[in-house]
Amino acid sequence: MKDKVFIGWSGSNEVATKVKSILENEYNYICFIGGNADNNSKFASIGDTVIQQIKTCNQAIIVFQNREDGGVSNNLFFELGYVFSSYGAKKVHCVRKATEQVVLPSDFDNSFVEPINCSSVDDFAKGIIEYFISRQKMSVDQNKMHLINNRYQIHNIIQLHYSEYGSKCSDYELAQYIIFYMQAAHMFGDSKKVESELKEFKRMHHHEFSSELALAVNLSLSFFAMCDNIKTTSDSGKTYITGETFGRFRDDYEDYFDCVEDDDSGTFDEWAKVFLSEHLTYAYMLFAENDDHSPEMKKSLYTKCIREVDKAMNYIEVLENSTPCKENNDSIGLVSLIKSYLYRNMFVCMQYLGDSQSLKWLEMARKERKALKRNFDNGIIDSKLYANFKMEYYLILSECLLYAEELGIDEYDKQIYLEEISSYLQSETEEDGSSVYVDRIEFYFRRLKGPEESKSAE
């Protein structure tokens, strides 16, 4: 089951009835024709029937036609205002015959009513369907970090999608929500719970998935499976994956790239490519950290990782230039976070390969993580997410201080940074915020303070 669609009409409900039939029989939507409960009345009602119909649905098709007296039904404008307020402009699809002059109130701009070229009622209905379907590839119009911060909203959207209450978005939109839900699970540390949730969602409804929705769910499950198999060395706390895990993950993701369908409407394809490429760089890095590899193998893996980073940066550039991304300020938040990961991966790879430009990427990663820490402080975002932003910032800052001279950090600034890191570590100790990454920050801090500090700390 997809969205529930309210069909408002004026003049005659003949075309509305045909549109309802096509959408339900060929596209698996559920439709309500504005009017009485039997959906056959030729007299639209503004009573409880219409209000209940609108409340039941989450999209609307408004068919502007003149009545016999040459005007549009006043009831239709009431319905139009109600659905605009309830669903938002992107979910309201207004149409008219191209040959029919429809007179609208002076406050209305005719441009929001799509003229449909047709010579018969059947042609009109088919044209309406084509227009409606073309508008289903809509981008999620919220800042993605705000959405991740309020991930319970995504949970509710997923639960409602195939429920008797009706979905709250199209399959195309849900595909986007799924990949942001995956990212939220990774950041909040509840991947196991969300993995089980998505497995059950797939088991119950996979036969109803659109191609984008299937890709989003499969992509997420493959990522969770790879993360489930990350191992940690007992001595250094280094994380890595085995060849079996890496091979399965890489094969899946290369197949998923082939499944991405480029489109000019929404941004699912742009987001999918960014996530796929960023996750691949993460997998290459984890596999390269496996101590079973020879130096030659490590060199090959780091070189391939650099290629994936280059691809990911190109995909991000396309995404950032899209109108939805600009309108939602996605560069402030999720895109910035992904960039910080890619920049650090590039540093690690180039550092291993002995490239003289490696430190440039380390500094770029620090700037992105500093921006995240600054933009989301003082209760702007969930405390757990902000704790991650702080940890990642101080981790990258500690790494930068190891190369203070090369990066042009003078001794005074270095001492200021060290005091900041010391305060952070103290607060983490008091809050019992120990983790493998905090331990690594402490390890770097001891190195930076020198042998005497290390001895006193021991």
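Predicted model: local features only at pLDDT ≥ 70, side-chain atom pairs only at ≥ 80, totals over all residues.
Visitor: Let's start with H7 and H8. At what angle do their axes cross?

Guide: Roughly 155 degrees. The axes come within 8 Å. H7 covers residues 171-188 and H8 covers residues 191-205.

Visitor: Parallel or antiparallel, then?

Guide: Roughly antiparallel, because the angle is over 145 degrees.

Visitor: Which residues of H7 and H8 make the contact?

Guide: H7 brings Leu 174, Ile 178, Tyr 181, Ala 185 and His 186. H8 answers with Ser 191, Lys 193, Val 194, Glu 197, Leu 198 and Phe 201.

Visitor: And by class, how many are nonpolar, polar and charged?

Guide: Seven are nonpolar, two polar and two charged.

Visitor: Switching topic. How many residues are in the largest nonpolar core?

Guide: It has 108 residues. Leu 174, Ile 179 and Leu 334 have the most contacts inside that core. Leu 174 is also one of the H7 residues in the contact with H8.

Visitor: What does Ile 179 touch?

Guide: Leaving out residues up to four places away in sequence, Ile 179 touches Ala 216, Leu 219, Ser 220, Phe 268, Trp 271, Ala 272 and Phe 275.

Visitor: What other core is there?

Guide: Another core, of 21 residues, lies apart from the largest one. Its members include Val 5, Val 15, Ile 116 and Ile 128.

Visitor: Now rings. How many aromatic pairs does a search of the whole structure find?

Guide: The search finds 22. One of them joins Tyr 162 and Phe 201. Their centres are 5.7 Å apart, with 40 degrees between the planes, and the pair is tilted.

Visitor: Where do Tyr 162 and Phe 201 sit in the chain?

Guide: In distant parts, 39 residues apart. Tyr 162 is in the loop between helix H6 (151-161) and H7, while Phe 201 is in helix H8.

Visitor: Buried or exposed?

Guide: Both are buried. Tyr 162 has a relative accessible area of 13%, and Phe 201 has 8%. The cut-off for buried is under 20%.

Visitor: Which residues are in a cluster with them?

Guide: Ring pairs link Tyr 162, Phe 201 and Phe 209 into a cluster.

Visitor: Which helix are Tyr 253 and Tyr 256 in?

Guide: Both lie in H10, residues 243-259. They are three residues apart, about one turn of the helix. Tyr 253 is buried at 0% relative accessibility, and Tyr 256 is buried at 12%.

Key
Residues numbered from 1 in each chain as written. Heavy atoms only, no water. Axes fitted to C-alpha atoms, helices over the stretch in contact; angles between N-to-C directions. Helix = DSSP H or I, 4+ residues; strand = E, 2+ residues; numbered from the N terminus. Parallel < 35°, antiparallel > 145°, perpendicular 65-115°, else oblique. Contact = heavy atoms within 4.5 Å. Nonpolar A, V, L, I, M, F, W, Y, C, P; charged D, E, K, R; others polar. Core = buried A, V, L, I, M, F, W, Y, C linked by side-chain atoms within 4.5 Å. Buried < 20%, exposed > 50% of the residue type's maximum accessible area, 1.4 Å probe, protein only. Phe/Tyr/Trp six-rings, centres within 6.5 Å; stacked < 30°, edge-to-face > 60°.
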